[in-house]
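Subject: Handover of a structure

Dear colleague,

Please find the structure below, together with its sequence. A summary of the findings follows it.

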Amino acid sequence: MKINRTDDILTSDFMAQPYWWERSPRPNLDVPTLPTSVDVVVVGSGYTGLCAALQVARGGRSTLVLDAEDAGWGCSSRNGGQISTSIKPDYHALARKHGPETAFNIVKEGHNSLAWIKAFVAAEAIECDFLVPGRFHAAHNPREFEILARDIANQPKGLEVPAHVVPRAEQRRTLGTDSYHGGVVMEAHASLDPGRYHQGLLERVLATGATIVPHCPVTALNKTSGGFTVVTSRSTVQARDIIVATNGYTGSLTPWLRRRVIPIGSYIIATEPLAPDVMDRLFPSQKVISDTRKVVYYYRPSPDRTRILFGGRVTSGETDPLRSGAMLRRDLIGIFPELAEVKISHSWMGFVAYTFDELSHIGSHDGLHYAMGYCGSGVAMAGYLGTRVGQQVLGLAEGRTGLVGASFQTRPFYTGTPWFLPASVAYYRWRDGASA
Ligand SMILES: Cc1cc2nc3c(=O)[nH]c(=O)nc-3n(C[C@H](O)[C@H](O)[C@H](O)COP(=O)(O)OP(=O)(O)OC[C@H]3O[C@@H](n4cnc5c(N)ncnc54)[C@H](O)[C@@H]3O)c2cc1C
């Protein structure tokens, strides 16, 4: 969608869609007649759905992937392409809640997901600008810097990761700003081009003979003696197994899951191309960046180092990319004042899925297999758990994960509409600002 506006902050060719879609346009798939019966229907064609489909199809199951929109239309072609170990609560918080063994297993799954994506991209030879440049996690106040430095010095035994502290005095060698108070570099964290990664996955799934059908919302899943009748906008399909891979777009189709995920908007802008010396000054390397704010900023140079891709949760449910784009640009300039005149060429958003315990969940309920709830960190975890849920459908022992120790919770009166979000985001933004 092209926006017809050329005011001060937008380039003349501004697009209200992901920057990644220019290099990887949404796939133009044939829309075949739906089969009447398959072994497995996968609902959702992002990383979770495609990695699950790859497993079951390679395991010999006839597989049909259905998406309400274009293939990969959800978060999987909209994200920042930053790859971390994906588990939000730290080991100590998890140990207090679940005991040390379960906590260890949960954190370990985060490490496993990072190792998995690196090995997977290499084994499948997916060309997606995969790099391991490290991630600079920047402290937005001196207290957070102390906490980061202390945590790096006292990592739980058996869960150590390569990392080093960057004091504020040396920060400009890592990131061209004085607006942080130092930070830590997580050396094994990686990055990729999300659109190219999704395209590579899609090609591999199609190569198995599986069918991917876009613009075909699933509207009901009715249990039968041998599985499910899958009602879609086009026709019905009988399936033995269903994998639900709808994450932040989980809706009324699966009310039990909908009560367990909280859709939260995440937003990104791309700047216009910047001069090489500006890029080199602001981003001396390809490291990706995040910070300690509760309402986090995450950003990076584009894979070709021509522009900055700047993301954050500037609001909770705003869907107008012009409004979110203006907010993100203001915050970008707050970090890099020399960009006061910068224009933005792209602005977009997507809905991530938070959970009440800030953990991802995988399992089955009422016969439906699912993996979701990546809490905004799903580039590795979605594919990793998609693979595991596919293995579960095949009955393979590898499908078991260390996340089984945490039950998938909801809260009384929560039905899937997060009425509490605007107030929470406003409060946390205020708190981040007050503590900066
Ligand atoms: C702006 C943004 C930035 C992000 N940045 C990062 C990052 O830097 N690093 C990171 O690790 N993670 C990041 N994430 C999160 C990450 O992208 C997601 O966790 C991951 O892509 C989830 O993949 P998925 O396949 O589970 O879901 P999605 O890719 O969202 O796919 C779900 C699909 O389900 C389909 N669907 C829903 N209901 C139905 C139905 N009834 N019938 C058929 N289809 C249906 C939707 O159309 C959608 O295509 C970001 C997300 C966003 C939005």
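How many bridges join strand S2 to strand S12? Six bridges connect S2 (residues 37-43) with S12 (residues 236-244), and the two strands run parallel. Strands are DSSP runs of E with at least two residues, helices are runs of H or I with at least four, and both are numbered from the N terminus. Two strands are said to pair if DSSP finds at least two bridges between them.

Before the details, two remarks on the source. The model is predicted, and local features therefore need pLDDT of at least 70, side-chain atom pairs count only at pLDDT 80 or more, and totals for chains, interfaces and linings use all residues. Residues are numbered from 1 along each chain as its sequence is written.

Strand S15 (residues 297-301) is mostly covered, with five of its five residues buried (20 or more other C-beta atoms within 10 Å of a residue's own, C-beta atoms being placed from the backbone). Tyr297, Tyr299 and Pro301 point one way from S15, while Tyr298 and Arg300 point the other way.

Two bridges join S15 to strand S14 (residues 288-291), and these strands run antiparallel. Isoleucine 289 has tyrosine 299 of S15 as its bridge partner, and five residues lie between S14 and S15 in their hairpin. Strand S16 (residues 308-312) pairs with S15 over five bridges, in the antiparallel sense, and glycine 312 in S16 stands opposite tyrosine 297. The hairpin of S15 and S16 has six residues between the strands, and arginine 305 in the turn has a positive phi of about 60 degrees.

The ligand

Which residues are closest to the ligand? They are Gly46, Gly74, Gly80, Gly350 and Gly378, among 45 residues that surround the ligand (C-beta atom, placed from the backbone, within 6 Å). Helix H2 (47-58) and strands S4 (82-83), S13 (262-271) and S17 (344-354) each give two or more residues to this shell.

Yours sincerely

Notes:
A residue is buried if 20 or more other C-beta atoms lie within 10 Å of its own, exposed if 12 or fewer, and partly exposed in between; C-beta atoms are placed from the backbone.
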